[in-house]
Amino acid sequence: MPPSDFPEIRVGLVGFGPAGSFFHAPLIAATPGLRLAAVVTRDPSRAERVRAGHPGAAVVPAADDLWDRCDLVVIASPNRTHVPLATEAIKAGLPVVVDKPLAGAAAEARDLVRLARDRGLMLTVFQNRRWDGDFLTLRRVLPELGEVHRFESRFERWRPVPKGGWRESGGPEEVGGTLYDLGSHLVDQALRLFGPVSHVYAETDVRRDGVRNDDDAFVALTHRNGTRSHLWMSAVAADLGPRFRVLGSRASYVKWGLDPQEERLRAGERPDAAGFGPGGGPGEGTGAGWGAEAPERWGTLGAEGDCRRVPTEPGAYQRFYEGVVACLRDGAPPPVEPDDAVDAIAVLEAAVLSATRGQVVGLPGREE
């Protein structure tokens, strides 16, 4: 990607549901060099929230209205629309950020990546959980664990009453359910830590009345390096398990509780706000303390009878959009390589097939 001459990158955001309003819009607004120029929504209440929270942004009814208003398109609309909208934006000559999952099928994701490369345009995927504090901490302490035998990772919730909406009540064509929603993060993290996967086994269930997509899932991955990843994602977990339990030949790392950044974003806070200076105390809005976690929530590192608390790295979702600016302005690599997203979708596809057949599914590598 050649360096860009944009003095200010105007961003067009497609969608102002939870992803657009709680994650993308505030992080865009907090990133130097970006300006939220326009938001696509037809919902009157969401339009009012755009005007109240982002008074400089225009509200437009369709994605086609963005092409002449922006230098970058961010797609945070329902999953089934990701590929069609990204394709339109790329054909209009615009770089694109797509919320996860990039696509419902690896083949269409590969076609999209190819199109962006042919046009010389950035395509990246919002895998914000790469900047969770607990994940950053695990990457830091990984050498101390020795050879990792098993990686256990969970995103579990207790929502016995469905919230409704396309993720739960839509059919498979919506690319919803916990596997593609929460599993997109868990699989991406496992691949980042332990590399390509050779075999996939999965179990998916619909546990609640009125829900059509899976709301309870388990995925087991065998990595080519021998590590096994066991991933749980659920909306019906009445007792939540540890976020991470990583077992190595020399030590383990165990962490309970979720990264605090989503909670803070949903509360209307931003990483550039005063009060998130170094250490999380009063500061100048540097973001240094934005993702800080209280010591009582830190994880433990060690072996039985000899474990110690280890400080959690500050989470840093703002790094994603800082990486987008660096890519567009300076020609740096995108913050998430789109090929990584294709690999994750291939694993999710194999998981769907495994759950349907009730058997282990082999997964060829990129070169095969």
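How many bridges join β9 to β10, and in which sense do the strands run? The answer is 7 bridges, with β9 and β10 antiparallel.

The model is predicted: local features need pLDDT of at least 70, side-chain atom pairs count only at pLDDT 80 or more, and totals for chains, interfaces and linings use all residues. Residues are numbered from 1 along each chain as its sequence is written, and side-chain values use heavy atoms, with hydrogens and water left out.

View 1. Helices (H or I, at least four residues) and strands (E, at least two) are DSSP runs, numbered from the N terminus. Two strands pair if DSSP finds at least two bridges between them. Leu-221 has Ser-229 of β10 as its bridge partner. The hairpin of β9 and β10 has 4 residues between the strands, and Gly-226 there takes a positive phi near 100 degrees. Most residues other than glycine have a negative phi. β7 and β10 pair in the parallel sense, over 7 bridges. Here Glu-152 stands opposite His-230 of β10. In β10 (residues 228–234), 5 of the 7 residues are buried, so the strand is largely enclosed by the rest of the structure. Buried means under 20% relative accessible area, exposed over 50%, and partly exposed in between (1.4 Å probe, protein chains only).

**View 2. The open sheet of 9 strands.** The order is β14-β13-β12-β11-β7-β10-β9-β8-β15, and the pairing is mixed. β14 (306–310) and β15 (361–362) stand at the edges; each has a single partner strand, so one side of each is left without a neighbour in the sheet. Strands β7 (residues 148–156) and β11 (residues 244–248) run antiparallel, joined by 5 bridges. Ser-153 has Phe-244 of β11 as its bridge partner. Helix α5 (residues 133–141) packs on the sheet, touching β7, β11, β12 (252–255), β13 (299–303) and β14. The direction of α5 makes about 170 degrees with that of β12. Helix α10 also packs on this sheet, touching β8 (197–205), β9 (216–223) and β15. The direction of α10 makes about 55 degrees with that of β8.

**View 3. Helix α7 against helix α10.** α7 (residues 177–194) and α10 (residues 338–357) pack at an angle of about 120 degrees, with axes 9 Å apart. Axes are lines fitted to C-alpha atoms, for helices over the stretch in contact, and angles run from 0 to 180 degrees between N-to-C directions. The two helices are therefore oblique to each other. Angles under 35 degrees count as roughly parallel, over 145 as roughly antiparallel, 65 to 115 as roughly perpendicular, and the rest as oblique. From α7, the contact residues include Leu-179, Tyr-180, Gly-183 and Val-187. From α10, they include Asp-340, Ala-344, Val-347 and Val-352. Contact means heavy atoms within 4.5 Å. By class, this contact has 9 nonpolar, 2 polar and 4 charged residues. Ala, Val, Leu, Ile, Met, Phe, Trp, Tyr, Cys and Pro count as nonpolar, Asp, Glu, Lys and Arg as charged, and the others, Gly among them, as polar.

**View 4. Val-352 in helix α10.** Val-352 lies in α10. Its relative accessibility is 35%, so Val-352 counts as partly exposed. Not counting residues up to four places away in sequence, Val-352 touches Leu-179 and Tyr-180. Arg-250 is 102 residues from Val-352 in sequence and 34 Å from it in space, C-alpha to C-alpha.

View 5. The axes of α3 (residues 82–91) and α4 (residues 106–119) come within 10 Å and cross at roughly 10 degrees. That makes α3 roughly parallel to α4. Val-83, Ala-86, Thr-87, Ile-90 and Lys-91 of α3 meet Glu-108, Leu-112, Leu-115, Ala-116 and Arg-119 of α4. By class, the contact has 6 nonpolar, 1 polar and 3 charged residues. Pro-101 sits in the loop between β5 (96–99) and α4. The peptide bond from Lys-100 to Pro-101 is cis, with omega near -10 degrees.

**View 6. The open sheet of 6 strands.** The order is β3-β2-β1-β4-β5-β6, with parallel pairing. β3 (58–60) and β6 (123–126) stand at the edges, each with a single partner strand, so one side of each is left without a neighbour in the sheet. The twist averages 25 degrees from one strand to the next. β1 (residues 9–14) and β2 (residues 34–40) pair in the parallel sense over 6 bridges. Val-11 stands opposite Leu-36 of β2.
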